[in-house]
Amino acid sequence: MEKNKYDYIIVGSGLYGAIFAHEARKRGKKVKIIEKRANVGGNVYTEKVEGIIVHKYGAHIFHTNNKRVWRYITKFAEFNRFTNSPVANYKGELYSLPFNMYTFNKMWGVITPEEAKNKIASQRKEVIGEPQNLEEQAISLVGRDIYEKLIKGYTEKQWGRECRELPKFIIKRLPVRYTFDNNYFNALYQGIPVGGYTKLIENILGDVEVELNTDYLENKKKFNEMADKVIYTGPVDAYFEYELGCLEYRSVRFENELLDIPNFQGNAAVNYTDKETPWTRIIEHKWFEFGKDENGNDLPKTIISREYSSEWKPGDEPYYPVNDENNSALYNKYREKAKLEKKVIFGGRLGEYKYYDMDGVIAAALDMCERELGCNI
């Protein structure tokens, strides 16, 4: 095998790897992507079934306030105007998410923001001093009633741990507002690529060389010898053969169902917030494109995905890093080892053991491109 055949071997074809491949190729670098799966796109991969674009690895709704990221990514695809407005189903009771005046009215019958604030303030008093865990943090934000119905069961299913055992920072991602606004993300720029994320990734990659169905880690030495540098977006602990121990993740299992009806739940996402329902949520994919095909025709069928959260084990797809104290300490040890790998750059959600939204991945990739390629993007 010819050594240093490439300037860069890039491990993984998700957003991080694809963006670096594009920018390096644009600057005359010889690059090659090694992809373990049979398709490009990582977890944003989408495929068309019965005219419906299916988010194969869970719902991906793009949202950002970062103008630089938005300008960059919209060069490669047109985005639709989809706004995430999920619904919570608690034992047949339906509530608006994020927590807003519709939620408060359904929960307590309050009409005005002042009434809602007073109700929550009266329940917040239960937590005295600084919240010590997720349960106390949630109650200090929205009170006991909303916590019990809309947070506790869902969160414990999602993380496989009691709320009292989870760090408080997790719940800070949930917006609370005293308006009748169902826009979950409330970001300046939102939407989904028209035609799906796979098309977006393919547009980013262009003519970049990609080798599918290939596990970099099985031939790490060979691939490393083929390039001056490696951009690695896989699990950082797997790169080092788990020699310090396994980092923990949460995984997600999907049950997909094609239904011969035009409308199953009337919304893209419905969260099931009671502990007894085994799935965390149901996604109805057609509503990401407003129930229409590319020609604007109504789609006669629908596809739903029930999502089940589970503890990760080798062979499962790692989705969410468990950034608690123990895992963060272990990751810091791996990060020190990674710094010694002068030929390898670790990046992305798995390479950095960090929960990234898509805009965060893109921003991190662009920053790395500028440092590594010596350019302004």
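Modeller: Before we start, buried here means under 20% relative accessible area. And keep in mind that this is a predicted model.

Biologist: Fine. Which residues in H11 are buried?

Modeller: The buried ones in H11 are Met-358, Asp-359, Val-361, Ile-362, Ala-363, Ala-364, Ala-365, Leu-366, Met-368, Cys-369 and Leu-373.

Biologist: And what span should helix H11 have, going by its 16 residues?

Modeller: H11 covers residues 358-373, so at 1.5 Å a residue it should span 22 Å. Its end C-alpha atoms are 22 Å apart, which agrees.

Biologist: What follows H11?

Modeller: Gly-374 does, and its phi is positive, near 65 degrees.

Biologist: Switching to helix packing. At what angle do H3 and H4 pack?

Modeller: About 65 degrees, with the axes of H3 (residues 101-108) and H4 (residues 113-124) 10 Å apart. Angles of 65 to 115 degrees count as roughly perpendicular, so H3 and H4 are roughly perpendicular to each other.

Biologist: Is that crossing left-handed or right-handed?

Modeller: The crossing of H3 and H4 is left-handed.

Biologist: Which residues meet there, H3 against H4?

Modeller: From H3 you get Met-101, Phe-104 and Trp-108, and they meet Pro-113, Ala-116, Lys-119, Ile-120 and Gln-123 of H4. By class, that contact has 6 nonpolar residues, 1 polar and 1 charged.

Biologist: How do the axes of H4 and H5 cross?

Modeller: At roughly 100 degrees, and the axes of H4 and H5 (residues 134-159) come within 7 Å. H4 and H5 are therefore roughly perpendicular to each other.

Biologist: Which residues make the contact of H4 and H5?

Modeller: H4 brings Ile-120, Gln-123 and Arg-124, while H5 brings Ile-139, Ser-140, Leu-141, Val-142, Gly-143, Arg-144 and Asp-145. They divide into 4 nonpolar, 3 polar and 3 charged.

Biologist: New topic, Trp-70. Buried or exposed?

Modeller: Trp-70 counts as buried, because its relative accessible area is 16%. Trp-70 sits in helix H2, residues 67-73.

Biologist: What does Trp-70 touch, not counting residues up to four places away in sequence?

Modeller: Trp-70 touches Phe-62, Thr-64, Phe-79, Tyr-189 and Gln-190.

Biologist: And where is Asn-39?

Modeller: Asn-39 is in the loop between strand E2 (31-34) and strand E3 (46-49). At 17% relative accessibility, Asn-39 counts as buried.

Biologist: What is Asn-39 in contact with, leaving aside neighbours within four places in sequence?

Modeller: Ser-13, Tyr-45 and Leu-212 are in contact with Asn-39.

Note on methods
Residues numbered from 1 in each chain as written. Predicted model: local features only at pLDDT ≥ 70, side-chain atom pairs only at ≥ 80, totals over all residues. Heavy atoms only, no water. Helix = DSSP H or I, 4+ residues; strand = E, 2+ residues; numbered from the N terminus. Expected span 1.5 Å × (residues − 1). Buried < 20%, exposed > 50% of the residue type's maximum accessible area, 1.4 Å probe, protein only. Axes fitted to C-alpha atoms, helices over the stretch in contact; angles between N-to-C directions. Parallel < 35°, antiparallel > 145°, perpendicular 65-115°, else oblique. Left-handed = near helix turned anticlockwise from the far one by under 90°. Contact = heavy atoms within 4.5 Å. Nonpolar A, V, L, I, M, F, W, Y, C, P; charged D, E, K, R; others polar.
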